[in-house]
Amino acid sequence: MRESGRTRSGQQRGQTLVIFALVLSLFLVWMIALVADVGTLYVAYDRFDNAALLAAQAGASAVDTGQLYQGNLRLDAGQARLFCEQSLTGAGVQGSCDQTTSTLVVADIREAVQLPVTLLGQSAVVHIRHAAKPAYGTGVGTVTT
């Protein structure tokens with residue numbers, strides 16, 4: 001009788017190990033999926049951030065020369081918007097430069113990023129906005145985020 005009791009406890013000891021191994025493997029697969037999604041978002045954010053910054057700076061380079069010779073550091077708003085949008089198009093991102101004025105260029109990018117693993121959803125939206133003021137000679141321009 002004792003031998004049959006030992007056989008049962010010997011068989012049941014392995015069950016905990018098997019369950020632990022299954023749970024741990026599922027956890028590791030979930031962590032790999034999470035790292036893949038977060039890595040993709042990080043790369044996309046960096047790409048869009050650089051594109052928005054360069055677009056704002058490109059727009060801020062469209063100084064109105066007529067106003068500059070009169071001592072005013074102003075932008076040609078139409079030219080600034082055009083330079084900003086051309087920079088976004090050249091970077092291959094969709095965005096807008098609609099809030100451009102004679103003193104400020106704003107590049108706005110809002111784009112959905114397809115995630116490789118649908119753990120957090122199929123896509124995530126990345127929104128970046130950069131603004132820049134004109135700079136020429138001793139006039140100091142600034143870039144804001």
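Accessible areas come from the Shrake-Rupley method with a 1.4 Å probe, and for residues only the protein chains shown count as cover.

This is a predicted model, in which local features need pLDDT of at least 70 and side-chain atom pairs count only at pLDDT 80 or more, while totals for chains, interfaces and linings use all residues. Residues are numbered from 1 along each chain as its sequence is written, and side-chain values use heavy atoms, with hydrogens and water left out.

**Overall make-up**

The protein has three helices and four strands, arranged along the sequence as α-α-α-β-β-β-β. Helices (H or I, at least four residues) and strands (E, at least two) are DSSP runs, numbered from the N terminus. Of its 145 residues, 23% count as buried; buried means under 20% relative accessible area, exposed over 50%, and partly exposed in between (1.4 Å probe, protein chains only). Among contacts with a separation of 6 or more, 52% join residues 24 or more positions apart, where contact means heavy atoms within 4.5 Å.

**The strands**

Strand S2 (residues 105–114) has seven of its ten residues buried, so it is largely enclosed by the rest of the structure. Two of its pairings are listed below; strands pair if DSSP finds at least two bridges between them.

| Strands | Sense | Bridges |
|---|---|---|
| S1 (residues 95–96) and S2 | antiparallel | two bridges |
| S2 and S3 (residues 123–132) | antiparallel | ten bridges |

Gly95 stands opposite Ile109 in S2, and Ala112 has Val125 in S3 as its bridge partner.

**The salt bridge**

Side chains of opposite charge can pair when their charged atoms come close. One salt bridge is found in the whole structure, a salt bridge being a side-chain nitrogen of Lys or Arg within 4 Å of a carboxyl oxygen of Asp or Glu. Its side chains belong to Arg129 and Asp108 (3.3 Å, N to O). Arg129 lies in strand S3 and Asp108 in strand S2, so the pair ties together parts that are 21 residues apart in sequence. Arg129 counts as partly exposed because its relative accessibility is 39%, whereas Asp108, at 17%, counts as buried.

**A nonpolar patch**

Phe20, Leu24, Phe27, Leu28, Trp30 and Met31 make a nonpolar surface patch of about 590 Å². Patches are made of residues with over 30% relative accessible area and no salt bridge; like charges are joined within 9 Å and nonpolar side chains (Val, Leu, Ile, Met, Phe, Trp, Tyr) within 5 Å. Phe27 lies in helix H1 (residues 2–60) and counts as partly exposed, at 44% relative accessibility.
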